[in-house]
Amino acid sequence: MEVDYEKLIGLMCQRQSIRKFKDVPLTEEEVRKIVGAAVTAPSSLNSQPWSFVVITDRAEKKRLMQIYGQARKKLGLYEQDVSFVKKATPIVVVCEDDDYGKVLSCAMAIQNMFLAAESIGLCSLPSVTILMDPESTKELEGLVGVRAPKKIVLVTYFGYKDEAPNRKPKKELSGLVFENTLGEREG
Ligand SMILES: Cc1cc2nc3c(=O)[nH]c(=O)nc-3n(C[C@H](O)[C@H](O)[C@H](O)COP(=O)(O)O)c2cc1C
């Protein structure tokens, strides 16, 4: 089946990171469509190393919001209204271990999730902040019941948009694409 390139690019360009969500959880059907897209991704040695923790419990979302807020403070990141964390539906993407190829495979699954969400009128946010702080990472692992060798790759959020932010500028192709060499060969 051929899919129209312009439509596909259109969907990709339409996606943007959203940090204000309506207080409406995803339906089971919406979650199924998003995770269903994730598991079609390519994976290193067809390892399909992913699993997904969908957070539906309000108390657990609230705790996640606290951990996220605390991590942002510790990392000295710009101030952010973190209430989106408890309004959206968080899906924590977990890899079976920290093998590079497997972690990359999870990243591919994640982009599929964002595009699938966009295609059914939902919006999304990827979030690595918690994972940049070892203490907050431990708390998150405890919260969602993840133990080594399993590794949390990313926290993703899905829901209904409650803001219309300006689109982030993207770099022009020229200057990013090189023929045969990046020009940093030695000698
Ligand atoms: C791996 C990854 C981690 C991110 N982590 C965060 C985060 O913790 N908090 C946040 O507000 N945005 C986060 N973002 C969103 C980026 O800020 C956003 O993708 C970027 O500014 C480009 O905007 P766009 O997604 O609207 O195109 C993350 C994005 C990626 C790809």
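This is a predicted model: local features need pLDDT of at least 70, side-chain atom pairs count only at pLDDT 80 or more; totals for chains, interfaces and linings use all residues.

Trainee: What is the strand order in the open sheet?

Mentor: The order is β1-β2-β4-β3, four strands with antiparallel pairing. Two strands pair if DSSP finds at least two bridges between them. The strands, and the helices too, are DSSP runs numbered from the N terminus: E for strands, at least two residues, and H or I for helices, at least four.

Trainee: Which ones are the edge strands?

Mentor: β1 (50-54) and β3 (123-127) are the edges, each pairing on one side only. On average, neighbouring strands in this sheet are turned by 25° against each other, direction ignored. That angle is taken between axes, which are lines fitted to C-alpha atoms (for helices over the stretch in contact), with angles running from 0 to 180 degrees between N-to-C directions.

Trainee: How many bridges hold β2 and β4 together?

Mentor: Seven, between β2 (residues 89-95) and β4 (residues 151-159), in the antiparallel sense. Next, V92 stands opposite V155, and V93 stands opposite L154.

Trainee: And what about the pairings out to the edges?

Mentor: β1 and β2 run antiparallel and are joined by five bridges. V53 has V92 as its bridge partner in β2, and V92 also stands opposite V155 in β4.

Trainee: Are the residues of β2 mostly buried or exposed?

Mentor: Buried: six of the seven residues of β2 are, so this strand is largely enclosed by the rest of the structure. β4 is mostly covered as well, with eight of its nine residues buried. Buried here means 20 or more other C-beta atoms within 10 Å of the residue's own, exposed means 12 or fewer, and partly exposed is in between, with C-beta atoms placed from the backbone.

Trainee: Which helix lies across the sheet strands?

Mentor: That's α5 (residues 100-119), which lies across β1, β2, β3 and β4 and runs at about 5° to β4.

Trainee: Switching to helix pairs: at what angle do α3 and α6 cross?

Mentor: Roughly 170°, with the axes of α3 (residues 58-75) and α6 (residues 134-144) coming within 10 Å. They are therefore roughly antiparallel to each other, a label for angles over 145 degrees, whereas under 35 counts as roughly parallel, 65 to 115 as roughly perpendicular and the rest as oblique.

Trainee: Which residues make that contact?

Mentor: From α3 they are E60, R63, L64, I67, Q70 and A71, and from α6 they are S136, E139, L140 and L143. Contact means that the C-beta atoms of two residues, placed from the backbone, lie within 7 Å. By class, the α3 and α6 contact residues divide into five nonpolar, two polar and three charged. Ala, Val, Leu, Ile, Met, Phe, Trp, Tyr, Cys and Pro count as nonpolar, Asp, Glu, Lys and Arg as charged, and the others, Gly among them, as polar.

Trainee: New topic, then: which residues are around the ligand?

Mentor: Q16, S17, R19, L125, P126, S127, V128, T129, L154 and K168. The shell has four nonpolar, four polar and two charged residues.

Trainee: Last one: where is the cis peptide bond?

Mentor: From A148 to P149, with omega near 10°; P149 sits in the loop between α6 and β4. Check N46 too, a non-glycine with a positive phi of about 50°, found in the loop between α2 (28-38) and β1. N46 is exposed, with 8 other C-beta atoms within 10 Å. Q48, in the loop between α2 and β1, has a positive phi of about 45° and is not a glycine either. Q48 is partly exposed, with 17 other C-beta atoms within 10 Å.

Key. Residues are numbered from 1 along each chain as its sequence is written. A residue is near a molecule or strand if its C-beta atom, placed from the backbone, lies within 6 Å of it.
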